[in-house]
Structure formats: C-alpha cells, structure tokens
Amino acid sequence: MSLMESNSGAGRRGAQRAVGERSEAAAGQAERAGVPDPELVERPRRRRFSAEYKLRVLHAAEAASQPGEIGALLRREGLYTSHLTAWRKQREIGALKALSRPRGRKPADPRDAQIASLRRRAERAEADLEKAQRVIEVQGNVSALLGELLEPRGASASTER
C-alpha cells in the first residue's frame, strides 16, 4: 500500500477522525488499566505570586552586586526577566499594596440585608392596608344597600308627606 493510499483511508474504518482523536478501543484500554491517559495533557495552572513574594524577589534582585547573580536568582525561583520588569512597574505605581488585599467581592454589609427586609415588610404592610381600606369601603356600600332594602317602604313614604 502506498503512502497516498494509507492517508486517503480508502476501505478503512474510522478514517474521518480528527488529528489527535483516538479510537474507542484505545480509550477503553487506558481507563481499564487505571493509568492516566498519556495523550491528554492536564491544563497548566497559571502561577500566582503574592505581593510579599514579589517584593522579596525585587529586593534580592536589587541587592545583587556580582554579574550573574540576577540570572541565578531567576533560575532558582523559576522566573523570567519580564516578571521583574512588570513587578517594578507595579511597585512604582503602588499596585503591590493593592495586590495584598484579598481578592473577590467585598463582604456584604449586614445593614443592607436588614434594609431590604424592612422595605419588603413595609411594602407588604402597605398592600395589606390598601386591601383593608377596600374591604371597609365595600362593607360600607353593602351596609348602605342593606339599610335601604330592609327599610320599610311605608315609613319612607309617610315621612315625605
């Protein structure tokens, strides 16, 4: 079989797979053996450096007096010169102080929750008051109608004369 025929996949099953895709048989063998799949690369995590660490490295780099000391420091710490450059800029603008603050949302003020709760209570009380006023109005109308219906007809005619 020539190289062209083997690449064309004529007469072979599974020839339409994308590059890097494995057959189901190979996937099943790796799972059964309990061995991590060598074809799947674990996604690397981005390194995060604390403000204290950055300042410590910057001080060590600035304290270096002999040629090659900064390079040795960078190799030992696993850093690049671009890290030092970026960290120096951050230090100049005062960003390292801001980095020492905890990340994420600021904790919610308990007064905000209390205010929201009181607002909901006030809205419910106003709605209940409005309903009660409507009920009282309807009761007044019903009372007036019943009073007219129950009033003797002769009594109203005799008072008008």
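Predicted model: local features only at pLDDT ≥ 70, side-chain atom pairs only at ≥ 80, totals over all residues.

Modeller: Residues are numbered from 1 along each chain as its sequence is written, and side-chain values use heavy atoms, with hydrogens and water left out.

Biologist: How many helices and strands does the chain have?

Modeller: The chain has 8 helices and 0 strands, taken as DSSP runs numbered from the N terminus (helices: H or I, at least four residues; strands: E, at least two).

Biologist: And what share of the residues count as buried?

Modeller: Of the 161 residues, 11% do; buried means under 20% relative accessible area, exposed over 50%, partly exposed in between, with a 1.4 Å probe and protein chains only.

Biologist: Take helix 3. Which residues are buried there?

Modeller: In helix 3, which covers residues 51-63, the buried ones are Ala51, Tyr53, Lys54, Val57, Leu58 and Ala61. They line one face, because seen down the helix axis they fall within an arc of 160°, the arc of directions from the axis to the C-beta atoms.

Biologist: What sits on the face turned away?

Modeller: The exposed residues Glu52, Arg56 and Ala63.

Biologist: Switching topic: is histidine 83 buried or exposed?

Modeller: Histidine 83 is buried, at 18% relative accessible area. Histidine 83 lies in helix 5, residues 81-93.

Biologist: What is histidine 83 in contact with?

Modeller: Neighbours within four places in sequence aside, Arg47 and Phe49, where contact means heavy atoms within 4.5 Å.

Technical notes: Expected span 1.5 Å × (residues − 1).
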